[in-house]
Amino acid sequence: MSTVESEATAGRGSARAVAVASSIARFLVIAITTYLGLLAVTFFIGRVIPIDPVLAVLGDRAPANVVERTRREMGLDLPLIEQFYIYVKNALNGNFGTSVLTTNPVMTDIRRAFPATIELATLGTLIGAFLGVPLGVLAAVRRGSIIDQIVRIIGLVGYSVPIFWLGLLALVLFYARLQWVAFPGRLDIVYEYTFTPITGFYLLDALWQRQWDVFRDAFRHIILPASLLGYFSLAYISRMTRSFMLNELAQEYIVAARAKGLSETRIIWGHALRNAAVPMVTVIALSYAGLLEGSVLTETVFSWPGIGLYITNSLQNADMNAVLGGTIVIGSVFIGINLLSDLLYRVLDPRTKVR
Amino acid sequence: MMMEKFALRSRFLLAGAAMSALLLAGAPALAVTPADTLVEGLAIDDIISMDPGEAFEFSTAEVTGNTYDLLVRLDLSDTSKVKGDLAESWTVSDDGLTYTFRLKPGLKFASGNPITAADVAYSFERAIKLDKSPAFIIGQFGINGDNVTEKAKAVDDTTFQFTVDKAYAPSFVLNCLSATVASVVDAKLVKEHVAAVTPSADYKYDNDFGNAWLKTGYAGSGAFKLREWRANEVVVMERNDNYHGEKAKLARVIYRNMKESSGQRLALEAGDIDVARNLEPNDLDAIAKNADLTTTSAPKGTVFYISLNQKNPNLAKPEVRQAFKYLVDYDALSSTILKGIGEIHQTFLPKGVLGELDENPFKFDVAKAKELLAKAGLADGFSVTMDVRSRQPETGMAESIQQTLGQAGIKLEIIPGDGKQTLTKYRARNHDIYIGQWGQDYFDPNSNAQTFASNPDNSDEGKTKTLAWRNAWDIPDLTKETEAALLEKDSAKRAAMYQDLQKKVLETSPFIIIHQQLEVAGLRKNLKGFALGPSFDTNFVGQISKE
């Protein structure tokens, strides 16, 4: 290797490092601004809603003198801006205060609830992706055919039907009538007190501990809500796959591949889908993020003790610390997944590397 | 547009498919709860603490009633009396100020520690010094943080002495001591878990009397031990083998948080729960018709009412207050929205309480109401708002009242809201009309008399914020009468005073009391001994067994 060459390589390397550093810096600025915005919005919404947070601490029946004392103790008599300052200071230290409902620190509650949500959303996304991608591909390849129509109807219904309504219907049918799936919740009462989770992902924990009956029970509980979420993500994923595939199939390289006499299977699954896979990663990641934050209704309908149910319950009880903590955590996850899919996109698509 | 239409049509299609699948489906295999375990579906989302010195919600009352013991308890065979629980006997001094309780011998906490009079004294001390929501029930006898160790003290291991500041009616004092705030905690166990506190202007003690621990912990001696409470999820109780009374038949009782009536009904029919506790009339009907299930009910010390804020000049007119009492269709409500879950009741003392008055003079009468409105100069009616919590039966009642008021020209705008939201507004006296329920704080006529018929200071800064205060109803005379009834030692005379008070409130108050709550439960037929009590802390589960 000559000196000139190695200098040139070093030069390219440092230019690249600068590019990476600047994109990281840009991301950090966006992330920090988003965070501060999120903190401010959640805080002020929490303070302007016409619900007295003292009621959450004391319940409906507290006498007036106790209410006033507690208000002072909670610092609610301070000016709003001072309350916000204290709140941001604590939040930056990862301290979202104590949930008055559970009496635990909010972060402890979230650590317990989050695995439940991740487990549900992951299974939902897996179902959505494994069914949605092939369906989308089929629809694109057989464009205009009856298969295409069916896929589009499935997608449309998934888009337009409210999830809680479908959830209730599914519960009546599969739980109350057919008894194929179990009662809402994560486990049957019997196991709730004999099974000790390790990671909080019950399916994995049960497998790890070789507790097959627990695994079966956990599966019977998760399958219905996960299928529902999977259906909604399928609707989105299949539609996007279809349009990406149509886009790829119209490219010249496909014509060239056909001209070379490649089999249709190889052209579709090997060439077109491979190129369509790059934007698909973003679509699946976004759908995953959507399920993580959007499982609020599903969790409520299925009494699934995840972060969505936690926030819903907290909101109904004016447990503002918990609401704010939960919102921030979900916001962080959303920001994080966006970044991750952005990075993956760059890694997978060589064209985006050159800027 | 096309898309919307299509979406709508496909929604119907889907519903149709689901419904037909539903009809075709055969009878399912039944899930079964364990034989030694009772599983109840109950809305337990009101629980905020399990510390008996702090807990003051309806669900908590049931748990505390089953897990803690008291000196005295309500006598279920005659609820105007109390009977000994931990106390074997008691005497009242001649001046009516000192109550001396002798404890039963050989009592033990669930932990195995012996129960002594010192534990009772400590329980009173911590309740008063913590000064949480229910502390006033003991505090109203002139007891505060400075004098509690003197006023509630252990004379020896088995003798506890309680000294009050006035010669109150003994029935009043004893009824208050049967409230859950007077539950006896295991002092030795609690003291192992106290947390240090920096004293402040609002709280001058250096420790929390175990409050942080007891919020989810347990230190009692009841028929059941509290094993676990997870907010909005579950309460688990296990049999206490050290219990002084008859031992519980089941090993475990579990309350699952379920808010919806329909969900409870589904789970009960499927056998996932043994008892459903928050049923609405239509689900109750369906359960009553199911051969595997049965229902039971008991009148509770809770009344539903609407109240008219006297700050609103129209509502402040005596004729308008009267007119409203003729504009509620009590019979229609009772045959529809309240069917099975409420009994028409227009006086402020619920049935079963000393001094109850079972008089329901008001009937739906539009002509009479119009006459009254004309007298008040409001012949053409007026517009007014009502804050309504978005849940049943409040919503249904509000809609019925809206319709009946309309017949007399009163335009009612319903403002729906979350429970906490409407309550916040109500407490700040910012409402026109409020609809809600009121549960007694303790099983004595003074509890409701005080809130419905006394208002010592009607200014916005008034310290005693009774329901009369919340509705700005200024009533110095009734306030005095309410206080006088507290000092009447003769139970019969005392009862007569409350009856008199109720008649006056019935006639003139801005409160239109509509019904008394019937608590209902749907249960599987294999349960034996299930019974609901007259109050929430007397819904005992110790006697329940399964076949």
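Start by colouring the two chains separately: chain A and chain B bury about 5,200 Å² between them, 58% of it on carbon and sulfur atoms, where buried area is the accessible area (1.4 Å probe) that two parts lose on being put together, summed over both. This is a predicted model, in which local features need pLDDT of at least 70 and side-chain atom pairs count only at pLDDT 80 or more, while totals for chains, interfaces and linings use all residues. Residues are numbered from 1 along each chain as its sequence is written, chains are lettered from A in the order in which they are written, and side-chain values use heavy atoms, leaving out hydrogens and water.

Next, select the contact (heavy atoms within 4.5 Å), to which chain A brings 53 residues and chain B 62 residues. Between the chains there are 4 salt bridges, each a side-chain nitrogen of Lys or Arg within 4 Å of a carboxyl oxygen of Asp or Glu; show Arg112(A) and Glu233(B), whose side chains meet in one of them at 2.9 Å, N to O.

Then move to the cavities, sets of points on a 1 Å grid over the protein atoms alone where a 1.4 Å probe fits but cannot get out, with lining residues having an atom within 4 Å of a point. Select Gln440(B), Asp441(B), Ser535(B), Phe536(B) and Asp537(B), which lie nearest its centre among 27 lining residues.

Finally, select Lys325(B), Tyr330(B) and Gln346(B), which are among the residues lining the second largest cavity, where about 50 Å³ of space lies.

Conventions:
1 Å grid on protein atoms, 1.4 Å probe; cavity = no way out; pocket = protein on both sides within 12 Å on 5 of 7 lines; lining within 4 Å. Points joined across faces, edges and corners; volume = space filled by probe spheres on them.
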